[in-house]
Amino acid sequence: MSPEHDAMGSAGTAGSGTAASPKPEARLEVDVRVAFGAFDLHVEQAIPAAGVTAVFGPSGSGKTTLLRSLLGFEAGSRGRIALNGDVWLDSEAGVDVPPHRRPVGCTFQDGRLFPHLDVAGNLRYADRRSTPEPGVEASITRDDVVDALDLGPLLDRRPHTLSGGERQRAALGRALLSRPRLLLLDEPLSALDRRRKAEIMPYLLALHPRFGIPTLYVSHAVDEVALLADRVLVLAEGRAQAFGGTVEVLEQLDLAPLTERFRAAAVLEATVSVHDDEYRLTWLDLDGQRLSVPRIDHLAVGESARLLVRSRDVSLATERPSPTSIRNVLSGVLVSLHQDESTAFAEATVDLGSHRLRARITRASAAELGLAVGSPVFALLKSVSLDTRAGR
Amino acid sequence: MSLPELGPLWLSLQLAASATVVLLVLGTPLAWWLSGTRSRLKPVVEAVTALPLVLPPTVLGFYLLLLMSPRSWLGGLWVEVTDTTLTFSFAGLLVASVIYSLPFMVQPLQAAFESLGRGPLEAAAALRASPLDAFLTVAAPLSLRGFLTASVLTFAHTIGEFGVVLMVGGNIPGKTRVISIAIYEHVETLRYAEAHTLAAGLLLFAFVVLVFVYVFNRRLPVHVA
């Protein structure tokens, strides 16, 4: 094993498998190296082939290259790729399964619908060429897909007449109809504006629960990752920096430099304690502290809700504030304070017990408040986003 | 005005149509290979393909004549197999036309294939389409304009060839006397009226074909990847 292997292995967290021996369990084994020019990608990670795994990192970190290597489009790929024991790439054994024989479905950033076919034709293209296999894949029918993604009104439209969001939906449908054993989504939201993103998010959230295809979701947006993924593989400069459950990975401190540019955030898992009909609120319990959010109709008392809190929506105080319009104030301990001397900002991390919050405050405020690591602080949450996945 | 015999016109159309069909079959895979290869041979093959554009027709015709003569390996083989000579025959004209018009088929097709980019083909591969399947169902339909342009250029260029035909085919009525040779012959023998009829007919034909192509080309949907 090379020194790089060791460095990377220790950076990984829960679930990182270092053993390369093939086991027929449901997992994607990746030990792949792609080099071109000054950039080289080397990722060694066993990923459970279940749920949604985000491949997360800044632009140029190798996310798309990793995806293309899984698809078989990177001719220079070396190493080993296997899904559930089926080997797609084993350069030592001379195995390199061509792209059209790998049971992977994918969507591309730009959609890549066939312009000479209408949406129905694009779906048919995938449908005809995929062989229904026993099990989950066989249950995917064209009608299911059309229904799940509301493609009915688009079927006789040509791709160039579709909006960006409609194009992504059609592309998702086409990928599903290839009845893949692994679904790769390459930044499906990146080409869309905020409103279109909001339009397509519910479809993405519903996708995995409905079709159950193991999914790799490539993204550089932490809010998408927080909402969609069960676990996260963090890439930077062509290496795996961390791997583990979404909540733990996004809390990790050493990710700060990676995520700062992309709207850092923390994910909290809280339990529904009571619904308030009068003010249309839902009260949540977070390690004994109370939070209120706009009423969550689909969650029953006792169920857990996942909350995304962006660091720019968190303010800090050294005393519990007198009444304000901000409903949610959590007490905790300041555990780190990163000051970026080149900007006006500092990134603070607050420990709440079993969760950590991040706050982006100005360095001036940090100085005025006399914030010190280890001292108690109060976090004021201006806004909280809710993962609506549960209960769909 | 005396009517010229229509034999040469008919022969030219036959030759041009045959050359276009043969070149569609041979030129398409060549253009496809050129558009996708990273081989170091690519510039060499491209240069060979483009040679007929820059060589004087007489040079090309001269070497083709040597190649097709019964004493060369190709001409000799042809005599053995068919019992006829390749030179001064329609088959010989066809071989010469295919080589002479090669760049007019390959270059527009190669440009069309290259402009597709890798996107549509990767999308097809990810949907389990084999390379041949992806070519037939995605690349070819998206390159319709390229096929149309290449076919029309090949056809028209073959109709208009003169030097190579004269070198390889000579001037045998009904066999190798194509329209351009017939016009030349009429002019040489001072039968200007017949030359005029044929020449004006060819001019009109070329114009009509080109108008048709431009109109049709505009109707074909533009595919933006």
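Trainee: How many residues of domain 1 of chain A are in contact with residues of domain 2 of chain A?

Mentor: On the domain 1 side there are 8 residues, in contact with 7 residues of domain 2 of chain A. Keep in mind that this is a predicted model.

Trainee: Which elements supply the domain 1 side?

Mentor: Helices α7 (222–228) and α8 (246–251) of chain A each supply at least two residues of the side of domain 1 that touches domain 2. By type, that side of domain 1 divides into 5 nonpolar, 1 polar and 2 charged residues.

Trainee: Where are the domain bounds, and how far apart are the centres?

Mentor: The domain assignment of chain A puts domain 1 at 3–251 and domain 2 at 265–385. Their C-alpha centres lie 33 Å apart.

Trainee: What about the largest nonpolar core, and which residues touch the most other members?

Mentor: The largest nonpolar core has 143 residues, and A:A54, A:L184, A:L233 and A:V309 touch the most other members. Helix α5 (residues 90–116) of chain B gives the largest share of this core, 12 residues. Domain 1 (3–251) and domain 2 (265–385) of chain A both give residues to this core, so it lies between them.

Trainee: Take A:V309. What is it in contact with, leaving aside neighbours within four places in sequence?

Mentor: The contacts of A:V309 beyond that range are A:A265, A:A266, A:L268, A:V314, A:L357, A:L381 and A:V384.

Trainee: Changing topic to sheets. What is the strand order in the open sheet of 5 strands?

Mentor: The order is β14-β13-β12-β15-β21 in chain A, with antiparallel pairing. The edge strands are β14 (289–294) and β21 (385–386) of chain A, each pairing on one side only.

Trainee: How many bridges join β13 to β14 in chain A?

Mentor: There are 6 bridges between strand β13 (residues 281–286) and β14 of chain A, and the two run antiparallel. Within β14 of chain A, A:L291 is the residue opposite A:L284.

Trainee: And strand β10 of chain A, why is it called largely enclosed?

Mentor: Strand β10 (residues 231–236) of chain A is largely enclosed by the rest of the structure because 5 of its 6 residues are buried. Strand β3 (residues 52–56) of chain A runs parallel to β10 of chain A and is joined to it by 4 bridges. In that pairing A:T53 stands opposite A:R231.

Trainee: In what sense does β10 pair with β11 in chain A, parallel or antiparallel?

Mentor: β10 of chain A pairs with strand β11 (residues 239–245) of chain A in the antiparallel sense, over 6 bridges. A:A236 has A:R239 as its bridge partner in β11 of chain A. The hairpin has 2 residues between the strands, and A:E237 takes a positive phi near 50 degrees there.

Trainee: Why flag a positive phi at all?

Mentor: Most residues other than glycine have a negative phi. A:E237 is a residue other than glycine with a positive value.

Trainee: Is A:E237 buried, exposed or partly exposed, and why?

Mentor: A:E237 counts as partly exposed because it has 13 C-beta neighbours inside 10 Å.

Trainee: Now chain B. Where does B:D83 lie, and what is its phi?

Mentor: B:D83 lies in the loop between α4 (73–82) and α5 of chain B. Phi of B:D83 is near 65 degrees, a positive value in a residue other than glycine. B:D83 is exposed, with 7 other C-beta atoms within 10 Å.

Trainee: Back to chain A. How many residues of helix α2 are buried?

Mentor: In helix α2 (residues 63–71) of chain A, 8 of the 9 residues are buried, so the helix is largely enclosed by the rest of the structure. The buried residues of α2 of chain A include the charged-type names A:K63 and A:R68. After α2 of chain A comes A:G72, with a positive phi near 95 degrees.

Trainee: How many residues of chain A are in contact with chain B?

Mentor: Chain A has 19 residues in contact with 16 residues of chain B. The elements giving two or more residues to the chain A side are β7 (104–107) and α3 (119–129) of chain A. That side divides into 10 nonpolar, 6 polar and 3 charged residues.

Trainee: What ipTM and pTM does the predictor give the complex?

Mentor: The complex gets an ipTM of 0.77 and a pTM of 0.72 from the predictor. For chain B the mean pLDDT is 86, and 95% of its residues reach 70 or more.

Technical notes: Residues numbered from 1 in each chain as written. Chains lettered and ligands numbered in written order. Predicted model: local features only at pLDDT ≥ 70, side-chain atom pairs only at ≥ 80, totals over all residues. Pairing = 2+ DSSP bridges. Domains from an automatic or database assignment. Contact = placed C-beta atoms within 7 Å. Buried ≥ 20, exposed ≤ 12 C-beta atoms within 10 Å, placed from the backbone. pLDDT = per-residue confidence, 0-100. Core = buried A, V, L, I, M, F, W, Y, C linked by C-beta atoms within 7 Å.
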